[in-house]
Amino acid sequence: MFTPPLYKQRYQFVKDLVEKHQPKKVADLGCADCSMLWMLKFCKCIEELVGLDICEDEMKEKMHTLGPLPCDYLQPCARHLSVTLYKGSVAQKDPVLLNFDMVTSIELIEHLESKELEMFPEVVFGFMAPARVIISTPNFEYNHLLPKSTLFRHPDHKFEWKREEFQCWSKNAADRYNYTVEFSGVGAPPADAGDVGFCTQIAVFVRNHLETDEMVNKKRETQHVYETVFKIVYPSLRDEKYLQIAVINETMYQVHRIKRLLWNNMQLEAKEGHGLQFDSDHKYLTHGLGNEWSKNDIPTEAEGSIQKRGLEPHMRKNKVYVPLTYLFSIPKVNKLCGTFDILLKMITGKVTLNHDGSAVKLKIDLESENYFL
């Protein structure tokens, strides 16, 4: 009946709020098969993503989709991202869910027994106390528009609230724990359906008070009760190991690219009959690469060094030398490293340098290059 399907509209509602408020730590209570977590892992602002559910088997069904792909290792992101799944009840307090920016509870509360529902506000708003909480639940007033054979939409639902009931419960929780709440929903009714509201009603809570370090640390003394089902940390350029791999790969890619440019220039001159020009000691080829990057792209530090010392890629006999200052002037290398000292630290001992450590040295196999002097 809905386009896109109603569950996708609920997920999109959450994603829109994530993109608007840029939370770093997000937890989904009642994450079930992890479908929404999978969508949220692509949001660049999120650094810690947590799912909680009482049913371990349902989480395990698709939890593998939350892991990194091979491309995440080949090209790590600059951000840190960890994804963790816990088995546990939303009626239990556990310090692993403290200090979060956003907590979601999508189509969960209607599955709770009365005692669990009674504990839910204290656990979520009182103990977890995230900056924002998003709760969705079916709107009972919409049900007569749906094809159904039972009173509720799902046999496991313990209740389904009318709008007034949900708003009353939400306002009571907001007042008690110092939050403000606004109401919305997804799944708009047909034009001729009258005033029945959205098919899914949603409450968005915003915390009015600050959680001090002292308050959070006191809560951290609470005993852990959740069981870890899954945990993965994505490769990140914040990790020196992955940063070094990325810097080395980019450095060697650029060195091989520069070697090819020099080689092609020499081949072109030879074909045009200009011959090859050498310096005074007949060892250095004097080909330059020209202005490959605009002056605005070259960091001041590297630009000054290049101009002062004339450090440009060159060839000596069967070797190519690419000065580190020249490499640092390349935008991709510069963006990865940030400073010249980091470039030097990342590649020292990992790539071949010249005798004074000022340039990357690369040997040319003349036969494989299919060229003769």
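1. A word on the basis. This is a predicted model, in which local features need pLDDT of at least 70 and side-chain atom pairs count only at pLDDT 80 or more, while totals for chains, interfaces and linings use all residues. Residues are numbered from 1 along each chain as its sequence is written, and side-chain values use heavy atoms, with hydrogens and water left out.

2. Eight strands make an open sheet with mixed pairing, in the order S6-S7-S5-S4-S1-S2-S3-S8. At its edges are S6 (179-186) and S8 (227-233), each pairing on one side only. From one strand to the next, the twist averages 15°. Strands here are DSSP runs of E, at least two residues, and helices are runs of H or I, at least four residues, numbered from the N terminus; two strands pair if DSSP finds at least two bridges between them.

3. Now look at one pair of strands. S2 and S3 (residues 82-87) run parallel and are joined by six bridges. Leu 52 stands opposite Tyr 86 in S3.

4. Next, the helices. H5 (residues 114-128) lies across S1, S4, S5, S6 and S7, and runs at about 160° to S5. H6 (residues 163-176) lies across S5, S6 and S7, at about 155° to S6. Angles run from 0 to 180 degrees between N-to-C directions, with axes fitted to C-alpha atoms, for helices over the stretch in contact; contact means heavy atoms within 4.5 Å.

5. Then comes the largest pocket, with about 1,000 Å³ of space. Of its 40 lining residues, Ala 32, Ile 106, Glu 107, Glu 110 and His 111 are the closest to its centre. H1 gives the most to this lining, four residues. The lining divides into 19 nonpolar, eight polar and 13 charged residues. A pocket is an open set of points on a 1 Å grid over the protein atoms alone, where a 1.4 Å probe fits, with protein on both sides within 12 Å along at least five of seven lines; lining residues have an atom within 4 Å of a point. Its volume is the space filled by probe spheres set on the points.

6. The second largest pocket has a volume of about 400 Å³. Its lining includes Leu 74, Pro 76, Leu 243 and Lys 335. H8 (240-271) supplies the largest share, four residues, and H11 (331-337) supplies at least two. By class, this lining has seven nonpolar, two polar and three charged residues.

Technical notes. Ala, Val, Leu, Ile, Met, Phe, Trp, Tyr, Cys and Pro count as nonpolar, Asp, Glu, Lys and Arg as charged, and the others, Gly among them, as polar.
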